[in-house]
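Please open the model in a viewer and keep the selection tool at hand.

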Amino acid sequence: MKIKLSALAEKLGLDHTGDDMEIAGVNTLEKAGPDEISFLVNPKYAHLLDSTRAGCVLTSGPYADRVARALVSANVYMDLAKVVNVFAVPQGCLSGGSEFAFIHHEARVDASATVYPFAFIGAGAIVGANSIIFPGCYVGENSVIGSDCQLYPNAVVMGGVILGDNVILQPGAVVGGDGYGYAQTPLGHMKIPQIGIVEVEDNVEIGANSTIDRAALDTTRIGRGTKIDNLVQIGHNVQVGQNCLIIGQVGIGGSSRVGDNVILAGQVGVADNADIGDGAMIGAQSGVSGKIEGGSRLAGSPVMPATTFLRAAGSCMPRLPELFRRVKALEKELKAVRKAAPKGSDHEQQ
Amino acid sequence: MKIKLSALAEKLGLDHTGDDMEIAGVNTLEKAGPDEISFLVNPKYAHLLDSTRAGCVLTSGPYADRVARALVSANVYMDLAKVVNVFAVPQGCLSGGSEFAFIHHEARVDASATVYPFAFIGAGAIVGANSIIFPGCYVGENSVIGSDCQLYPNAVVMGGVILGDNVILQPGAVVGGDGYGYAQTPLGHMKIPQIGIVEVEDNVEIGANSTIDRAALDTTRIGRGTKIDNLVQIGHNVQVGQNCLIIGQVGIGGSSRVGDNVILAGQVGVADNADIGDGAMIGAQSGVSGKIEGGSRLAGSPVMPATTFLRAAGSCMPRLPELFRRVKALEKELKAVRKAAPKGSDHEQQ
Amino acid sequence: MKIKLSALAEKLGLDHTGDDMEIAGVNTLEKAGPDEISFLVNPKYAHLLDSTRAGCVLTSGPYADRVARALVSANVYMDLAKVVNVFAVPQGCLSGGSEFAFIHHEARVDASATVYPFAFIGAGAIVGANSIIFPGCYVGENSVIGSDCQLYPNAVVMGGVILGDNVILQPGAVVGGDGYGYAQTPLGHMKIPQIGIVEVEDNVEIGANSTIDRAALDTTRIGRGTKIDNLVQIGHNVQVGQNCLIIGQVGIGGSSRVGDNVILAGQVGVADNADIGDGAMIGAQSGVSGKIEGGSRLAGSPVMPATTFLRAAGSCMPRLPELFRRVKALEKELKAVRKAAPKGSDHEQQ
């Protein structure tokens, strides 16, 4: 795939500086060759503009003059996504139905969908237009896969789960496994059958080997446009809002609510029944429970304001041994001072 | 599936209040319709009794009078499990052996078991009565799957592993992958082959994408009735007792021992060679090592008594910057006091 | 498999004490029978030498005299690895290509490789000599699997990924899933296609259900001899050096660099763009960001010197409530002292 810089600029509705060229790919500033386009967002890497061999650089106005050819953008990341899309070759090497897939005779797979060998589509399941089901995927009975979805290898969608359009399941993602629900009885933990479902709305992406449990009775929901990283666990009955970013290894306990545009950084743990308001940002490895105000910036376990956490854990914590020594010294000195003080003052105090 | 309230009450050995009705399902207080039964355990949600549309509510005596029809229980969660069981439709849409499964000719699969397409049963493996092996599962050579087990899609049981009866593996669970064992040599880390096995006792459930490593030489064991959530890692040689609850994303290091009835909350980390006594409860995200007394209530990393942790991390930690300021002020003030004090006292102290 | 002690000693280039015997297996000191060899490394377990029934013990010189027969080694773990190798039976029960595998006609699978039923090998993929591809594995288009690799059941290698020789993927490991990269736009998070690859060098092992993301544009790299435990997440563009040990449930954020011989203990989180120097050791559950000096011994979140962390978190943290009380008492006492002091001193101070 090659494209003229001028054509690329027109396609994206952008201007370019310098003369035209033919672009063969996109790469980092350090690795791009003369026939490739690169990009600069973070000013921290601006010095690489001097040494890059890239034929062209996608960047914002202020940097455009520093290279021979620039594609000038007001939202470099967004336009980078579009540029990469031009050169991206989708994963996979087959199309259409495979005779080696198992498609139940009561399933309905759109004629434009691709089902790879060793994929299993259960009774009553529906697979929408242009969706691609890679090898080893399981689509349980009565599940619905919308259009333009991609289920990468070994992704599992258990029975009755609903995926919207343009949903991506990375390899090994599991949607609709049983929630963790048991009744305590004299005979031990008795399983409460999990008869609810999961609804995953449009444009959601779920990372490799992440797990989203089906509700006990009603619906676990992942809101439109939310992006979930790898190895994330989402418990039964959880309601995640729209356009959230849930980073790797986060765990969200059962029946919690996560608002819209929430960011949970890596390895955050959210307790059962928590309620996180819209736009909250929670720092990595934090522990969240209870009600969190929308727009909060929190960190720590349990969470506190992120700025407080930075000082408490980053600055104070390593100095705790010293603080204990200082307090001990104070106690000793004060004792000495009091001992030396006139009798009257001592009496007064006690 | 529909059932009369009177019949349901009789089936469970419970009494009901109000007139009889036909129940078509079970749902939450908020979502249940007039033909459904709901339930109330937590007094916190008792106000929902006023607004629920549920035709009947499973609850304990004190709440029975607040609704038109109640199914009265002394253990609501246990009876809820039984009620849901009445309405639950099991996952899956096939039964019996599939011509698209691979069953080694030296494997023994009970005639009442179900093996889905694309499941693999190795040489010498045994699958017991009524067990269900979903698509993409792997049962290695000489493994034993008891009766009434469910191996959901893409669950992996490596060679030589033993599962008892009524064991559930959620999708993607891996039992019997190699333990993490290497010898340090001048040429780098040399793999120590892991030739032990895993024994999973009766009534154990293992969550989606959780991993239980085989022992280096002898046996990793998961005790009867223990329930393991999603994305949990259990290292080689670990001995987990009976009826434990191990919540999502817990990691247990090699050769550790976990007693009976232990609860490890989400994201807890247990170091290698730890020893956790019966009935201990460890709070979320805690870090455990060494010997833990039975019955302990611990939290923090490293762990301390849970009540101490609550005060130290929840209350004191955010006030650390303030504490440093206070100590600094004390030091300054004390210095001033000493400076102003009569000479004699100063000498005495030094 | 049985072997004479004398033959085993010769095979390993070691001496043995006591008379010869026939060894039928290897086991722990507690479980070994008279026809088995056991081993002792940790002096803590030396008392077991008195009670073991093992026919022979692999150990270092100082302990050799305490048992009837010893195989004497200067590196017991290394020689244990070799001993176990003698008795180890590899996983699996088939060899050669399977008619039930899907091997694309443009793929090249070495004649000595084994491809199990329900494995998928995509167009242009290469599988090297003696490599074994277990059921349910996916090898994407144009991927390269070196020689002597083992891809255990349901491991996934997405398109364009390169594995060196002697690489082991435990069950469910995913190499080459999309990195987590989105552009923020007024319409929500727009996916940046991840068109880079992953290179996994020789002798790397990747644990069950671990996930290694493909680079956004260039290459995510796992260096030669590095061993990765279960449920580890490695983000896009990460560069991991040689001979690292990355323990269970570690997460490494995008574009981070990990040097050679680094040890990351269980559940460590590494932020995006971190840079960890050679030989650093990071304690369990720590949080790492920024630049870490080679050879550091760190712990805590955020990290501090491990010895400091031990005192601060292990010793000081539980005593924080007490420290607050002590400081409060000091403030009260000092106030009393100042109140009782002669007027002059008070003035002087303010």
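Begin by selecting A:Pro302, which sits in the loop of chain A that runs between strand E39 (297-299) and strand E40 (304-305). The model on display is a predicted one. Include A:Ser301 in the selection: the peptide bond leading from A:Ser301 to A:Pro302 is cis, and its omega is near 0°.

**Relating the chains**

Chain A is superposed on chain C by a rotation of 120° with 0.0 Å of shift along the axis, at an RMSD of 0.0 Å. Chain B can likewise be laid on chain C, with an RMSD of 0.0 Å, by a turn of 120° and a shift of 0.0 Å along the axis. This is the relation of a three-fold axis.

**The domains of chain A**

Return to chain A and colour it by domain. The assignment gives domain 1 (3-87), domain 2 (102-308) and domain 3 (320-349). Between the C-alpha centres of domain 1 and domain 2 of chain A the distance is 36 Å.

**The annotated histidine**

Select A:His236, which an unreviewed UniProt entry lists under "active site". The residue is in the loop between strand E28 (233-234) and strand E29 (239-240) of chain A. Is A:His236 buried or exposed? A:His236 is buried, because its relative accessible area is 13%, below the 20% cut-off.

Display the surroundings of A:His236. Beyond four places in sequence, its contacts include A:Gly179, A:Tyr180, A:Asp213, A:Arg214 and A:Ser255.

**Two asparagines with positive phi**

Select A:Asn142, in the loop between strand E14 (138-139) and strand E15 (144-145) of chain A. Its phi is near 65°, a positive value in a residue other than glycine. Then select B:Asn243, in the loop between strand E29 (239-240) and strand E30 (245-246) of chain B. Phi of B:Asn243 is near 55°, again positive in a residue that is not glycine.

**Confidence**

Finally, colour chain A by pLDDT. Its mean is 95, and 97% of its residues reach 70 or more. Select residues 345-350 of chain A, where pLDDT stays under 50; for this stretch the model has nine contacts beyond four places in sequence. The model as a whole scores ipTM 0.95 and pTM 0.96.

Methods. Residues numbered from 1 in each chain as written. Chains lettered and ligands numbered in written order. Predicted model: local features only at pLDDT ≥ 70, side-chain atom pairs only at ≥ 80, totals over all residues. Heavy atoms only, no water. Least-squares fit on C-alpha atoms with pLDDT ≥ 70 in both. Domains from an automatic or database assignment. pLDDT = per-residue confidence, 0-100. Contact = heavy atoms within 4.5 Å. UniProt positions renumbered as here; feature names shortened; annotations may be inferred. Helix = DSSP H or I, 4+ residues; strand = E, 2+ residues; numbered from the N terminus. Buried < 20%, exposed > 50% of the residue type's maximum accessible area, 1.4 Å probe, protein only.
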